[in-house]
Amino acid sequence: MTNLVTGEAVTLELGLAKLPSRVLAIVIDLVPLVVALLVLFFSTEAFISGLDQALATAIVLVILVGFLVGIPVLVESLTRGRSLGKLVMGIRVVRDDGGPIRFRHAVVRGLAGFFVDFYVTFGVGAVVCSLLNERGKRVGDLLAGTVVVRVRTPSLGRPLPPMPPQLAVWATALELSRLPDELALAARSFLTRSHQLSPQVRERMAASLASAFSQAVTPPPPMGTPAWAYLAAVLAERGRRESQRFADLQAGRPNGFDLAQSARSPTPSGQPPADWATPAMPPEDRRSQGFAPPG
């Protein structure tokens, strides 16, 4: 899993597509193109052979470029980065900020793919560039400002705890812009692996992370909120906003972020919630030991 930073410094946790899956996607895309080319050439062989050699060569080149560049560019533009092969392999081309690609991005990728990445260099350019780039970008991606990501990510380990219902309304008003990505990732790692820690270590780490969170996240949690619930609520709200923004970008709504209030009743800030049990935490940690943010 890697991070994709948007133009507003929002980190989207999206897995980058690996080289083997991209190669298989290209092969799948090429199969119908090659079949269509063979059918076209066999059906027009008699006509082309009767033309002047220079004209016949020009026609063949136009057909080749049209099939190998024009059709992929058209498909990626209409599907916003998802060709047949990418759809099968569960990957997609997006901009560096996570948004959908436009026609200009598809054109740059298509031309670079023909002249540098695939057909002229027999794929050597794409492989070498992908291996040297930390995001696995080929030359076309570097020129177009795009990256290929996975849209079907396998579930690894225990998932994050869900949003505690007692904090759902409070979380909608959180200011998260000052929360460092490294700190959020550390809390995510802790919550998904807390069941592997001893109760004492788990409690100490939760308190330490919650204290660090309180320095960057406002407003503070309601009194009596356990540290793990505070962390879970912040990460759940952060993930909801990232997912919503990514969905808006894919739908062409760059400013469509919605912070609609939840219909559930808030928990009074001065009263601890009645029950903080959550399936993601061991029974011995389901105590109402409230987290008190530093003054």
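The model is a predicted one, in which local features need pLDDT of at least 70 and side-chain atom pairs count only at pLDDT 80 or more, while totals for chains, interfaces and linings use all residues. Residues are numbered from 1 along each chain as its sequence is written, and side-chain values use heavy atoms, with hydrogens and water left out.

**The chain as a whole**

Switch to a cartoon view. The protein chain holds ten helices and four strands; helices (H or I, at least four residues) and strands (E, at least two) are DSSP runs, numbered from the N terminus. Read from the N terminus, the order of elements is β-β-α-α-α-β-α-α-α-β-α-α-α-α. Of the 295 residues, 41% are buried, where buried means under 20% relative accessible area, exposed means over 50%, and partly exposed lies in between (1.4 Å probe, protein chains only). Contact means heavy atoms within 4.5 Å. Among contacts between residues at least 6 apart in sequence, 72% join residues at least 24 apart.

**The second largest pocket**

Next, select Ile 26, Asp 29, Lys 86, Phe 118 and Tyr 119, which are the closest to the centre of the second largest pocket among the 32 residues that line it. This pocket contains about 600 Å³ of space. On a 1 Å grid over the protein atoms alone, a pocket is an open set of points with protein on both sides within 12 Å along at least five of seven lines, unlike a cavity, where a 1.4 Å probe fits but cannot get out; lining residues have an atom within 4 Å of a point. Grid points are joined across faces, edges and corners, and a volume is the space filled by probe spheres set on the points.

Which helices each supply at least two residues of the lining? They are H1 (19-49), H2 (53-79), H3 (84-89), H4 (103-117) and H5 (124-132). H1 gives the largest share, nine residues. Coloured by class, the lining shows 21 nonpolar, five polar and six charged residues; Ala, Val, Leu, Ile, Met, Phe, Trp, Tyr, Cys and Pro count as nonpolar, Asp, Glu, Lys and Arg as charged, and the others, Gly among them, as polar.

Keep Lys 86 selected. Lys 86 belongs to helix H3 and counts as buried because its relative accessible area is 9%. Beyond neighbours within four places in sequence, Lys 86 is in contact with Ala 25, Asp 29, Glu 76, Gly 81, Ile 91 and Val 93.

**Strand E4**

Move to Arg 150, in strand E4 (residues 146-150). A polar atom of the Arg 150 side chain lies 3.0 Å from the backbone oxygen of Leu 16. Not counting residues up to four places away in sequence, Arg 150 touches Gly 15, Leu 16, Ala 17, Lys 18, Gly 90 and Ile 91.

In helix H2, select Thr 57. The side chain of Thr 57 reaches the backbone oxygen of Gln 53 at 2.8 Å, and Thr 57 is partly exposed, with a relative accessible area of 42%. Val 60 is also found in helix H2; its C-alpha atom is separated by 8.6 Å from that of Ile 48, twelve residues apart along the chain.

Continue to Arg 80, in the loop between H2 and H3. Arg 80 is not a glycine, yet has a positive phi of about 55°. Phe 122, in the loop between H4 and H5, has a positive phi of about 60° and is not a glycine either. Is Phe 122 buried or exposed? Phe 122 counts as exposed, at 75% relative accessibility.

Select Leu 209 in helix H9, which is buried at 12% relative accessibility. Leaving aside neighbours within four places in sequence, Leu 209 is in contact with Leu 183, Ala 186, Ala 187, Phe 190 and Leu 231. The C-alpha atoms of Leu 209 and Ala 187, 22 residues apart along the chain, are separated by 6.6 Å.

The last stop is Pro 219, in the loop between helix H9 (199-216) and helix H10 (227-250). The peptide bond from Thr 218 to Pro 219 is cis, with omega near 0°.

Notes:
A polar contact is a pair of N or O atoms within 3.5 Å; within protein, one must be able to donate a hydrogen and the other to accept it, and residues adjacent in sequence count only if both atoms are side-chain atoms.
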